[in-house]
Amino acid sequence: MTALLAIENRSLDKKVKIHPKAEGVEGSSIYVKSNEKIKMLDLIYGLMLRSGNDAATAIAYEVSGSVEEFAKLMNQRAKQLGANNTNFVNPHGLSHKDHYTTAYDLGIITREALKNPIFKEIVKTKFWLADRDGYKHFTNKNRILNMCEGGDGVKIGYTKIAGRCLVASATRNNMQFIAVTLNDGDWFNTANKLLNYA
């Protein structure tokens, strides 16, 4: 949802000035620095390939001015799509008692996002070289891209509370399928089986 809203609301070439609160966000990171300028496109690649929680926070501040306002935008879009059992309170998915979703809702949100050609291209990218100093070699953490025939997305996620979560996709014979696994230690194999079954 964060990536989709970034693509829909900002020019991908825009140099985003990193908000101080985006630096040092816990968990996976692309190591943004306060006031650094990074292209929106690079932030989205850092978000989707590296699960950059700092990139997610930087996007939220750029699009909406705060995490809280961006979460409102996320929830508004989720309701539009019929993701009725989802509530966002942050742009990165770090644990919060009021932040939740379901496998079905993740499927709905992903289906909408994959209609966007830029999103579709980003999530199937195995490697991205960002236009910045320092950490710029982004390798995709999603092993479905290599292990599943036609694997072309989408995103991994992990917190201690949620466990290993994966939204995966594959395209064969001009049909794209989405598989969602939540709290599954064997996430890649399970998603691969689901996609092969479909």
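Student: Why is Ser51 called buried?

Tutor: The relative accessible area of Ser51 is 12%. Buried means under 20% relative accessible area, exposed means over 50%, and partly exposed lies in between (1.4 Å probe, protein chains only). With 12%, Ser51 therefore counts as buried. Please note that this is a predicted model, in which local features need pLDDT of at least 70 and side-chain atom pairs count only at pLDDT 80 or more, while totals for chains, interfaces and linings use all residues. Residues are numbered from 1 along each chain as its sequence is written, and side-chain values use heavy atoms, with hydrogens and water left out.

Student: Where is Ser51 placed, and what is noted about its phi?

Tutor: Ser51 sits in the loop between α2 and α3, and directly follows α2. The names come from DSSP runs numbered from the N terminus: helices are H or I runs of at least four residues, and strands are E runs of at least two. The phi of Ser51 is positive, about 55 degrees, although this residue is not a glycine. Tyr31, in the loop between β1 and β2, is also not a glycine and has a positive phi of about 60 degrees.

Student: What makes a group of residues a nonpolar core, and which helix gives the largest share of the largest one?

Tutor: A nonpolar core is a set of buried Ala, Val, Leu, Ile, Met, Phe, Trp, Tyr and Cys residues joined through side-chain atoms within 4.5 Å. The largest one here has 47 residues, of which Met40, Leu43, Ile44, Met48, Ile59 and Phe119 touch the most other members. At least two residues of this core come from each of α1, α2, α3, α4 (67-81), α5 and α6 (117-123). The largest share, 8 residues, belongs to α2.

Student: How do you know whether Ser28 is buried, partly exposed or exposed?

Tutor: Ser28 has a relative accessible area of 27%.

Student: What places Leu194 in its accessibility class?

Tutor: The relative accessibility of Leu194 is 38%, so it counts as partly exposed. Leu194 lies in helix α8, which covers residues 187-197. Its C-alpha atom is 8.8 Å from that of Ile178, 16 residues away along the chain.

Student: What makes β5 and β7 edge strands?

Tutor: The open sheet has 3 strands in the order β5-β6-β7. In this sheet, β5 and β7 (175-181) each pair on one side only.

Student: What makes a space a pocket, and which strand gives the most to the lining of the largest one?

Tutor: On a 1 Å grid over the protein atoms alone, a cavity is a set of points where a 1.4 Å probe fits but cannot get out, whereas a pocket is an open set with protein on both sides within 12 Å along at least five of seven lines; lining residues have an atom within 4 Å of a point. The largest pocket is lined by 41 residues, and His92, Gly93, Leu106, Ile156 and Gly157 lie nearest its centre. The strand β5 gives the most to this lining, with 6 residues.

Conventions
Two strands pair if DSSP finds at least two bridges between them.
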